[in-house]
Amino acid sequence: MAERDSRRPVLAKPSNPHDSAHLHVSGQARYIDDEPEAANLLHLAFGQSAHAHARITGMDLSAVRAAPGVVGVFTAADIPGANDVAPVAHDDPLLADGVVFSMGQPIFLVAATSRNAARKAARLATIEYEPLAPLVRYEDAQATGSLIEPTQVMARGDAALRLSAAPCRLVGSFEMGGQDHFYLEGQIAIAIPGEDGQVHVLSSTQHPSEVQHLVAQMLGKPSADVTVEVRRMGGAFGGKETQAALFAAAAALVAHKTGRPAKFRCDRDDDMVMTGKRHDFRVCYDVGFDHEGRLLALKLHLASRCGASTDLSPAINDRAMFHSDNCYFLPDVMIVSERLRTNMVSATAFRGFGGPQGMLAIERIMDDIAAHNGLDPLDVRIANLYSPGRDVTQYGMTVEDNIAPQIIARLRETSRYDARRADVAAFNASSPILKKGIALTPVKFGISFTTTHLNQAGALVHVYADGSIQLNHGGTEMGQGIYIKVAQVVADVFAVPVGQVRITATRTDKVPNTSATAASSGADLNGMAAHEAAMTIKARLVAFTARTFGCAEEDVNFAGGDVFAGSERLPFGQLCRKAHIGRVSLSATGYYATPRIAYDRATHKGRPFYYFAYGAAVSEVVVDTLTGEHKVLAVDILHDVGRSLNPAIDIGQIEGGFIQGQGWLTTEELVWDDKGRLLTHSPATYKIPTASDRPKYFTIALWDGENVEPTINRSKAVGEPPFMLAISVFSALNQAIAAAAPSNRALPPLNAPATPEAILSAIKGHRAA
Amino acid sequence: MTVRFLLDGETIALENVDPTATLLDFLRYRTARTGTKEGCAEGDCGACTVLVGTLDGEDVTWRAVNACILFLPIIHGKALLTIESLASAGPNGGLLNPLQRRMAENGSSQCGFCTPGFVMSLYGRAIGASGFELPIADVIAGNLCRCTGYGPILAAGEAVVKLARDDRTLVAGLEALASSETVSGELGERRWFIPKSAGALAMLLAEHPDARLVAGATDVGLWVTKGLRTLDTLIFIGDIAELQHIEEPPESLSIGAGVRYADAHAAFARLHPDLGELTRRIGGLQVRNAGTVGGNIANGSPIGDGPPALIALGATLTLRSAGRRRVIKLEDYFLEYGTQDRQPGEFIERIEIPRPMPNDIVLISKLSRRFDSDISAVCGAFKLTVKDGLIAQARVAFGGMAATPRRAAGCEAALTGQPFQEATIANAVEALKGDYAPLTDVRGSSAYRLDAAAGLLWRLWRRAEGETVSVLELENG
């Protein structure tokens with residue numbers, strides 16, 4: 001490996017860097033906690049539940065109230081409107097009312113003159129609990145039928161019948177852990193009371209509109225009285241889609257009650273205890289296949305621990321079912337999805353949104369089939385790919401844009417997969433302790449919110465009389481580069497340099513009723529909306545120019561910062577000045593709703609996705625069979641972003657997504673005790689990848705193609721799909737472990753994350769079997 | 001008394017200092033230097049990385065440290081650089097230094113929240129700060145990024161190797177702040193001291209036997225930021241030059257208790273490469289730039305990484321109090337969980353480690369979920385003295401296997417006097433099972449710990465047989 005260097009694609013022309021890059025590297029980029037503090041600012045802390053499930057029988061907060069610096073202490077009874085910060089199901093109280101459902105759940109809220117005063121005071125409460133039996137383990141919730149919604153079934157054909165007729169059949173099960181988002185900027189909100197009962201909230205949120213609506217309902221006010229603003233987040237990854245509302249509502253409540261600005265900056269450990277994570281899953285399968293490894297029938301059971309409330313778990317678990325095919329045709333299939341209600345912090349959105357869990361399930365099944373039949377897992381994968389005549393998903397959508405076969409073939413060749421697989425086998429034959437493994441896994445990820453109405457976006461573009469442009473849209477910036485991508489779209493419409501577009505903070509008073517920046521859809525939706533707004537203004541300018549210069553509208557052209565009208569040429573700024581004097585509106589909104597999608601959740605049939613994004617990765621790993629340690633040695637990625645809006649930004653998403661996925665499947669382990677206490681609530685115990693975990697050999701190439709659908713620039717969404725490329729690491733680890741006992745044809749019993757302990761246990765299990 | 005330090009060369013004087021107020025809070029909320037971020041407030045993410053400079057003869061030694069767990073008195077008499085010290089962003093990044101420019105251009109930042117911390121770590125490397133000789137990935141092992149996957153950051157670090165600095169005026173400023181007198185202060189009932197000599201420390205401890213000794217605060221810092229504890233009497237021992245001496249006579253290594261791990265690194269690596277590798281994996285560079293070898297022993301943690309290795313190597317401790325010194329074996333220091341053999345008024349002065357002989361077989365291995373900046377599930381250390389094919393002496397010690405770092409008596413007995421061969425190792429692995437009854441906790445189950453400890457003994461054997469036994473060696477090989 002040492003002779004090969006890391007490679008990143010050489011780009012034809014440099015991409016625009018992230019719009020805030022120069023501010024990031026100089027410490028000048030402002031996050032919410034960097035705003036100057038008002039002299040009368042109050043700082044907040046929650047009093048948290050010491051039980052995962054209990055009735056509160058008594059609460060003495062006098063010591064909290066008497067603590068130094070404390071200005072106010074608030075409970076559920078102090079909430080003027082709805083005691084609710086839930087996105088859909090109204091089952092997430094801001095402050096517990098009578099019963100607590102998870103360890104660390106907020107019970108009361110302290111406002112004090114300093115953050116430390118608030119935090120110290122919050123620990124002084126005397127709360128009496130009548131403990132109730134906590135449901136923590138899968139089997140506890142299953143035994144009592146504790147669910148957040150009825151079990152969902154997505155099926156086609158007759159899996160049972162076809163299973164019994166299949167030439168080969170396997171049953172298996174495994175588990176995969178959840179994942180903490182570990183955004184570097186913790187949850188934070190500041191609420192500033194305005195005149196006449198209004199409130200302005202700075203919230204580190206992916207979903208300003210939802211925060212606005214929840215704050216308004218909590219205060220018993222109309223939405224119009226609440227403005228939510230976010231310039232940027234210090235990372236989010238889904239963890240600030242619904243989870244930010246808790247802190248924003250707490251700050252708004254105190255601002256409302258005291259008339260003073262209030263800031264809630266959550267401590268890291270409290271954040272990890274109190275906010276939701278990726279769902280963990282327990283997977284069972286019964287699969288029938290032929291001797292070539294072609295899947296004939298599948299019964300798949302997906303159980304996930306959704307935690308104490310509904311949150312977004314229905315849609316997340318739906319997406320797990322949608323992606324249980326990944327790139328493969330499942331002829332006769334029954335997917336049963338059991339959504340368990342447990343006394344843990346409610347699981348929530350996280351990059352991939354259930355997709356990774358469904359995809360890991362089917363990829364493990366592919367590995368299991370290959371092991372059973374003694375085949376190269378890649379050949380089994382290829383045999384099962386969607387293909388003409390076998391191109392309808394288990395939810396009834398025809399896969400029209402399938403490029404998985406081409407991507408796999410190309411990557412197989414460029415990564416020298418076959419030669420390296422032989423090298424790995426040769427290495428293993430002569431290495432008794434260290435064992436290598438290599439795997440190629442593909443990704444097909446559906447793009448759109450599966451809740452159809454969310455697929456809409458708005459934008460607001462102002463062109464000023466000097467030709468400078470302000471851009472606003474509903475998308476939020478969490479580091480993914482949506483602001484620069486959308487700014488490019490607008491700059492291109494007017495043919496001006498992107499620097500002429502001033503990107504502004506996302507605010508609910510500029511663009512209303514927005515969807516969360518989620519589901520990888522941010523640039524797709526907001527880029528189109530901003531494009532429309534810009535085109536509206538451009539059309540007015542074209543008409544004005546044609547009128548003014550007496551030429552046909554077709555003869556008006558924008559290029560290189562200038563406007564051409566027949567033989568006339570003038571700078572864009574001059575035209576804007578003229579247009580303003582000519583009384584032309586230079587401001588417009590834009591709106592976009594994704595076409596072609598329709599889905600019936602009752603039957604789990606339809607076209608939930610506008611299109612699919614594809615990719616594939618080859619990972620090579622080495623495992624130490626004495627200790628269970630492993631190292632990812634080399635990774636090659638080929639990924640499809642359509643015609644990229646910004647290749648450098650997209651490559652950053654691919655690389656970062658992959659490493660985050662690698663963390664999910666290797667070092668990042670959430671440990672809960674049987675009382676429902678999260679033991680890994682700090683970076684001391686919860687280990688996201690560091691720089692040295694990044695494989696030293698790492699190449700990324702972009703697939704040269706364009707979206708078959710008319711998306712903005714024919715690009716494809718990139719936020720989530722690359723995360724699942726890391727499944728290749730897990731698959732390669734299985735190969736390496738299997739090499740520890742080559743006479744055993746079964747797949748090693750490896751659960752995710754593949755910690756040293758999990759790997760050593762799988763080696764033992766594999767050798768014993 | 002006043003806490004004084006140099007911020008961008010300007011003297012900052014703070015009165016009535018809360019001795020456990022953190023540097024990070026001071027920077028962010030009292031000077032509006034908000035470029036330094038809080039990511040975790042426990043020294044694990046590096047978003048708060050700043051550079052602290054100390055006078056070193058005619059020069060300034062810079063160290064990247066975590067401001068979030070650095071108490072203000074610790075920077076008394078020192079110089080400080082924050083992200084704001086480097087450059088401010090012009091409209092086109094024109095005022096950025098070459099490192100910042102490279103990072104801005106190559107996609108080193110996404111959300112940007114961790115970025116100032118990375119800039120400070122890499123800037124430190126570029127100006128020759130402590131640890132600059134390490135590979136880039138080691139220099140930033142204490143900086144977490146959740147967005148980028150690290151590739152561009154590593155590339156920027158590789159590209160910008162050296163940046164010039166002129167610290168001549170700073171040297172004069174630091175000289176003006178320097179003093180050999182004990183510095184002290186109080187806030188209400190709470191008192192704090194910064195002694196400058198071991199003698200002064202001994203006297204202070206005699207007077208205040210309940211005082212908490214603080215060197216780098218990499219542990220005690222969390223008592224405050226996470227435990228919200230109020231500490232009454234504090235003695236900051238980071239400015240005692242005598243405790244920071246490293247002596248390397250031919251037959252041993254003598255390390256002052258106040259030697260930071262970063263400063264011990266090279267000497268440890270010379271003593272044995274495994275000890276160097278272990279040191280590389282203790283915390284991130286920011287933690288090793290603050291945390292000391294003595295502190296890692298004194299706090300008595302069952303999972304500290306230094307003690308098992310040093311016990312296996314046969315280290316001794318010198319404990320000192322006013323008027324008395326005594327030397328004990330390191331393993332005898334750890335009495336039981338939470339209790340050590342340190343009498344009121346005593347402090348650890350030195351650690352003496354005999355050098356392994358050429359015929360000694362040494363293995364020191366740390367097992368953790370993540371290679372860098374993690375705490376051991378199991379840390380195993382072995383020193384076998386082999387003469388004429390026989391194991392004349394065996395020292396085996398583990399961390400993470402018991403309530404204290406402890407030797408494995410049964411395993412040692414099974415090895416001692418036996419031929420160095422596979423069957424002996426197999427017997428020793430069996431015996432090892434009787435030596436420990438480890439806990440199941442957040443870092444690993446009891447069963448895993450026992451299996452992995454046995455695996456390390458096998459690793460020793462396999463390595464002696466000439467095999468590559470570590471995935472890290474394979475990666476780098």
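Visitor: Which residues of chain A does UniProt list for "domain: Aldehyde oxidase/xanthine dehydrogenase a/b hammerhead"?
Guide: This model is predicted. The name itself comes from a UniProt record, an unreviewed entry. That entry places the domain in chain A, at residues 26-133.

Visitor: How far apart are the end C-alpha atoms of residues 26-133 of chain A?
Guide: The span is 12% helix and 31% strand. Now take its two end C-alpha atoms. They lie 51 Å apart.

Visitor: Where are the two domains that the domain assignment gives for chain A?
Guide: Domain 1 of chain A is written in pieces: 1-9 + 404-451 + 605-769. The C-alpha centres of domain 1 and domain 2 of chain A lie 40 Å apart. Domain 2 of chain A covers 456-593.

Visitor: How many residues does each domain of chain A bring to the contact?
Guide: Start with the side of domain 1 of chain A that touches domain 2 of chain A. By class, this side has 8 nonpolar, 5 polar and 1 charged residues. The contact takes 14 residues from domain 1 of chain A and 15 residues from domain 2 of chain A.

Visitor: What separates the centres of domain 1 and domain 3 of chain B?
Guide: Chain B is divided into domain 1 (1-178), domain 2 (244-354) and domain 3 (360-476). Take the centres of domain 1 and domain 3 of chain B over C-alpha atoms. The separation is 39 Å.

Visitor: Which helix of chain A gives the most to the side that touches chain B?
Guide: Chain A and chain B each put 73 residues into their contact. Several elements of chain A supply at least two residues each, among them helix 3 (115-122), strand 27 (611-624) and helix 17 (647-665). The most, 7 residues, comes from helix 17 of chain A.

Visitor: What classes of residue make up the side of chain A that touches chain B?
Guide: Each residue on that side is sorted by class. The counts are 29 nonpolar, 25 polar and 19 charged.

Visitor: Which peptide bond is cis, with omega near 0°?
Guide: Most peptide bonds are trans. Look in the loop between helix 18 (727-738) and helix 19 of chain A, where A:Pro753 lies. The cis bond runs from A:Ala752 to A:Pro753.

Visitor: Is A:Asn713 buried or exposed?
Guide: A:Asn713 lies in the loop between strand 29 (697-702) and helix 18 of chain A. Its phi is positive, about 60°, although it is not a glycine. A residue needs 20 or more neighbours to count as buried. A:Asn713 has 21 C-beta neighbours inside 10 Å, so it is buried.

Visitor: And B:Asp388, buried or exposed?
Guide: B:Asp388 also has a positive phi, about 50°, and is not a glycine. Its loop joins strand 18 (378-387) and strand 19 (390-399) of chain B. The limit for exposed is 12 or fewer neighbours. B:Asp388 has 8 C-beta neighbours inside 10 Å, so it is exposed.

Terms used
Residues are numbered from 1 along each chain as its sequence is written. Chains are lettered from A and ligands numbered from 1 in the order in which they are written. This is a predicted model: local features need pLDDT of at least 70, side-chain atom pairs count only at pLDDT 80 or more; totals for chains, interfaces and linings use all residues. Domain bounds come from an automatic or database domain assignment. Two residues are in contact if their C-beta atoms, placed from the backbone, lie within 7 Å. Ala, Val, Leu, Ile, Met, Phe, Trp, Tyr, Cys and Pro count as nonpolar, Asp, Glu, Lys and Arg as charged, and the others, Gly among them, as polar. Helices (H or I, at least four residues) and strands (E, at least two) are DSSP runs, numbered from the N terminus. UniProt positions are given in the numbering used here, feature names are shortened, and annotations may be inferred rather than shown by experiment.
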